[in-house]
Amino acid sequence: MVELREHEQKTLLALQKLGGKAPVDEVVKASGLAHAAVMRAALSLTAKKLAQTHERKQTVIKLNEEGKQYAKKKLPERHLIDSLVKLGGKAPIEKVAENAHLAKKFIPIALGWLQRKGWATIEDKERVLKALKRKPAEGTDEKLISFLNEKSSFIVEKLSKNLQSAVAVLRGRKLVEIRDKMLREIELTSVGQKLVKKQLLIVEEVSQLKPELIVSGKWRQVRLRKYNIEAPVAVTWSGKKHPYARFLDELKEKLVALGFKEMRGPLIELSFFNFDSLYTPQDHPAREIFGVYYVKSPKYGKVDTYKPAVENVKKTHETGWKTGSTGWGYHFSLRDTQRLLLRAHGTALSVRTLLSKDLEIPGKYFAVARCYRPDMVDKTHLSEFNQVEGIIAGEDLTLRDLLGVLERFAIDIAGVDKVKFRPDYFPFTEPSVELVAYKKDYGWLEFGGSGIFRPEVTLPLGVKVPVLAWGLGVDRLFMMKAGIDDIRHLFSQDLDWIRRKELT
Amino acid sequence: MPTIEVEREDFEALLGLDLPRSVEELDDMLAYVKGEVKLFDEQEVHIEVKDSNRADLWSVEGLARALRGFLNLEKGLKNYSVAGSSGVEIHVDSRLENIRPYIGCAIIKDIEFTDVMIRGAMRLQDKLDQTYGRNRRRTSIGLYDFDLISPPLHYSVAKPKQVSFVPLGFSVKMTLEEILEKHPKGIEYGHIVHPHAVWPLLTDSKDNVLSFPPIINSDDLGRITENAHNVLIEVTGTSHETVLNTLNMMVTSLADRGGKIFTTQVNYPYKERKNAVTPQLETKTMRIDLAEMNQLFGFKLTLKEVAELLGKARYGIAKTQKKGVIVRIPCHRIDVMHPVDIAEDIAIAYGYNKIKPRWQRLPTTGGISSHAQFCDIVREIMVGLGFQEILTFTMTHPEILQTKMNRKREKVVEISNPKMVTFTCLRNWLLPSLMEFLSHNTHVEYPQKIFEVGYVVVFDGEAETKTRDVTKLACVTTHPNANFTEMKSCLEALLLNMGLKQWNIRETTHPSFISGRTAKISSRNREVGILGEVHPQVLNNFKLKNPASAFEIDLKKIT
């Protein structure tokens, strides 16, 4: 069975009603379809060999302006004969013309046609008109004029033979316009004829399934139009988390699973937390203006609430205090501890945690901390970035445990194949260890720095147990995972990149 | 971190060993000295030493000295002894007490200089000046051909225009003042002496200028060539201890090259310090407790093993006790402040990779902060509403926060030492970051719907940092039909999902938004944020063609 769409079916039925063959316009009327729909149906039906189309030349005739006027007022010769008959059938031409209210210029034409049609004759030379018929019947030219007036335009070939004979006359009198026109006809083929006889029921076709169809059950009577499912569609950009933010979320989850608690602290930090408490001497190069961003105004904050710790830190820097250290041996400035800066590393948060009354021992803490360094932004540097850092505080923690933590991070977080440890340096840890991890297809990768806080750091804060401190190079890990080699993409300004970046 | 440039052949000769062939192997070897290969070819090796405290490792001699221990080529403390007194005296002027009070000198004799050695010494001098010497503020070094100098020396002061000499690298005499104005080193380091009325000057008995510390040496005396066999090293600075430490770095390096060390005597006129013989190469001692160290390591070493490892790390042993060791620390190990420093060296000598890692299951409960949890919920809702999360910098510029947003100038937290013209302050509201983001994406398909949950920083006189971080949510929608209604609807969806029972959206005015299409959002009588259609002037400022509608709220206030 041939699959027929609704407008094809309607066209076939209309053709049947019209006797199997009809011009497009008639099919339009009979089917109730739009012209374009019928034309489309004609094409597709032809393709299915159910119908064929023909083109035929036709002559269209219509009255021109003058012709329309005559249709209203009748032909001038008719005026003359009517006037003549009223005057008794014989009268001077001037008299007849005057009674006929005919403009002078029409008189010669009217006289000519009167004589040609044999309605009257001019007698003698005295210009007297004499009627030959009392009431001449309507001529075919007049009939054609009224006919065309009613139809506005008509196909010459379709006129009766009689009327057709007047076409030439009217054309001669320049009362009509005649032009050629192509006629498109649709005709059922024999296959089409048979099909129509069998398939008389028209099924309505529907593009969009609407609530009323579903509720009324009318969907059963309609046909849901088949779509071109391969046609391209507009892209929908879903809302989603930023790929790097999502990566950090995942990292947090892993750290939480390993028993770490999140720490928080301010972006603008006291030098005390960023440096002094971390046993970084006050003239250390890292504290110079090319190592850290300082706040222009206000320049100084307050350390009053941390007074005992500040005092202990001062003594430790100067002489080593009770820590067993020689100290740095310089005069420690309390003013400098209050200098405000933009947090340069997440370790500042670890110190805040160690100093907090909520510190738990044993305790594991981490932070994803926004940090700042005065670097020119390029492919490998940002002046603002995230650091993932933390501490583990507990009795009996050792260098072995530090390595254990690093190994666990490398396996659980980075999914690496093997690890190796290298000596490292931080002013605040001793021993210090760098984690280097090997991942297939990537090679060796520096993945983190760590160490055990120096006694010069923990004791002034009142912490008497070992504290393991660690930081992870997560930026590089994400870049590796996301396949990017430009660190600026972590804070990408490229919406298209973010939209297209798959979530992994 | 300092990068040490060494000549490969010279390095191998000092080590007494051929370097490994691959970078990876060399990296493994250099791990003992916290070194990382930055360049490795036939001629040169560049090594980054990741320890800003180990000044003894900043020369090829120092690297070789340390590595020979770890590689079992030469163990134990390397002793540097004085060959004798040079008889040279240095007289210090009392006026230096508040300017640059200390000086230390040493004479190294009978040294056969090569071009490589001179370059190495210059590099070490430079590294020490920059890092340990804090860009010459704390200490600075001068080297001279001793045979051209007539002792005794005078470390004195001069007025800026009083003295003139030919500074290194120049051919004309200049006054001290001219040096500060014209000589590259004067321009670079002039700020150290400039605040003082008189400036340090080192001269010999014939009034020849050796140097103008810490700025520049004289071109006549302060230049070492291959013809020099006897060298005077001088260090001036603000602390006696750091001056002596710096001097030891130079002296031990040149002694490793075969030079003999002779002392000098510095005569101080100060109340607290009369005179000093320099250099001071004596070793120091520090006790390490075996039990404490094993407790730090988490594995047990015997005293015998400790002694062996100390030797590899090039320490000496003054005395072995029952429960510990009195360690002898060489004069160039100026970094050792605490037994943990020695302990680390023992662990490095033992080999980090020989230690068996241990994962301790501690009874702790993990968790993210309630703040982060709250932010996560907000982000989840915004994503559900079809918004793309973006991440932007908290550092920005007042132009973006204010001018482009059609706002008046106001005080924000500014950075005193910005590095880039685009990052000079911290943002005090979030929406400008989003507008700036959109301005970079005008070629990208619309509609664009973005949001960020991020920090802004505001002033807070009560806070210990005089400022406070505020977590904000800002979001924008922009497309040809973007309007107030769309955003109001999103905002209400958010508030509803955040569990707010009640809120008010009342008309207000704000220069960044279109008048009559701007609202303030409040809840429980607190203003929590702003909502509106972005002002066309703002759109023009950010070169945006589509209308935009946005809101920004303080997340803490809807908690």
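# A tour of chains A and B

Select strand β13 of chain A, residues 363–372. This strand is mostly covered, with nine of its ten residues buried. Bear in mind that you are viewing a predicted model.

**Around β13 of chain A**

To see one pairing, pick A:Ala369: its bridge partner in β14(A) is A:Gln387.

β10(A) pairs with β13(A) in the parallel sense, over two bridges. Which residue of β13(A) is the bridge partner of A:Lys261? Select A:Tyr365 to see it. In general, strands of a sheet pair through backbone hydrogen bonds, either parallel or antiparallel.

Step back to A:Ile361 and A:Pro362. A cis peptide bond joins them, with omega at about 0 degrees. A:Pro362 sits in the loop between α16 (347–355) and β13 of chain A. A second stop is the pair A:Ser297 and A:Pro298, also joined by a cis peptide bond, with omega about 0 degrees. Look for A:Pro298 in the loop between α13 (271–274) and α14 (307–319) of chain A.

**The domains**

Colour chain A by domain: domain 1 covers 65–179 and domain 2 covers 244–500. Their centres, taken over C-alpha atoms, are separated by 114 Å.

Do the like for chain B. Its assignment gives domain 1 (3–70), domain 2 (84–278), domain 3 (284–352) and domain 4 (370–558). How far apart are the C-alpha centres of domain 1 and domain 3 of chain B? They lie 23 Å apart. Nine residues of domain 1 of chain B are in contact with nine residues of domain 3 of chain B. On the domain 1 side, these are four nonpolar, two polar and three charged residues.

**A three-stranded sheet in chain B**

Select β1, β2 and β3 of chain B. They form an open sheet in the order β1-β3-β2, with antiparallel pairing. The edge strands are β1 (3–7) and β2 (35–40) of chain B, each pairing on one side only. On average, neighbouring strands of this sheet are turned by 25 degrees against each other, direction ignored.

Zoom in on β1(B) and β3(B), residues 44–49: five bridges join these antiparallel strands. Here B:Val6 stands opposite B:Val45 in β3(B). Then show helix α2 of chain B, residues 23–30. This helix packs on the sheet and touches β2 and β3 of chain B. The direction of α2(B) makes about 145 degrees with that of β2(B).

Move along to helix α3 of chain B, residues 60–70. Ten of its eleven residues are buried, so the helix is mostly covered. Among the buried ones are B:Val60, B:Leu63, B:Leu67 and B:Phe70. Just after α3(B), select B:Asn72, which takes a positive phi of about 60 degrees.

Go to B:Pro101, in the loop between β4 (84–92) and β5 (102–109) of chain B. Why does B:Pro101 count as buried? Because it has 23 C-beta neighbours inside 10 Å, and 20 or more make a residue buried by definition. Leaving out residues up to four places away in sequence, B:Pro101 touches B:Leu96, B:Thr238 and B:Tyr270. Try the distance to B:Ser239 as well: 138 residues away in sequence, yet 7.7 Å in space, C-alpha to C-alpha.

Next, B:Asp110 lies in the loop between β5 and α4 (115–132) of chain B. B:Asp110 has a positive phi of about 60 degrees although it is not a glycine. With 10 C-beta neighbours inside 10 Å, B:Asp110 counts as exposed.

B:Arg136 is in the loop between α4 and β6 (139–145) of chain B. B:Arg136 is not a glycine either, but has a positive phi of about 70 degrees. Is B:Arg136 buried or exposed? B:Arg136 is buried, with 21 other C-beta atoms within 10 Å.

**Where the chains meet**

Show both chains. The contact takes 79 residues from chain B and 80 residues from chain A. On the chain B side, α10(B) gives the largest share, seven residues. That side divides into 34 nonpolar, 27 polar and 18 charged residues.

**Last stop: the core**

The largest nonpolar core has 235 residues. Those with the most contacts inside it are A:Leu406, A:Leu468, B:Ile233, B:Ile346 and B:Cys475. Select B:Ile346: leaving aside neighbours within four places in sequence, B:Ile346 is in contact with B:Val306, B:Leu309, B:Leu310 and B:Ala313. Another core, of 16 residues, lies apart from the largest one and includes A:Leu12 and A:Val38.

Terms used:
Residues are numbered from 1 along each chain as its sequence is written. Chains are lettered from A and ligands numbered from 1 in the order in which they are written. This is a predicted model: local features need pLDDT of at least 70, side-chain atom pairs count only at pLDDT 80 or more; totals for chains, interfaces and linings use all residues. A residue is buried if 20 or more other C-beta atoms lie within 10 Å of its own, exposed if 12 or fewer, and partly exposed in between; C-beta atoms are placed from the backbone. Helices (H or I, at least four residues) and strands (E, at least two) are DSSP runs, numbered from the N terminus. Two strands pair if DSSP finds at least two bridges between them. Two residues are in contact if their C-beta atoms, placed from the backbone, lie within 7 Å. Ala, Val, Leu, Ile, Met, Phe, Trp, Tyr, Cys and Pro count as nonpolar, Asp, Glu, Lys and Arg as charged, and the others, Gly among them, as polar. Domain bounds come from an automatic or database domain assignment. A nonpolar core is a set of buried Ala, Val, Leu, Ile, Met, Phe, Trp, Tyr and Cys residues joined through C-beta atoms within 7 Å. Axes are lines fitted to C-alpha atoms, for helices over the stretch in contact, and angles run from 0 to 180 degrees between N-to-C directions.
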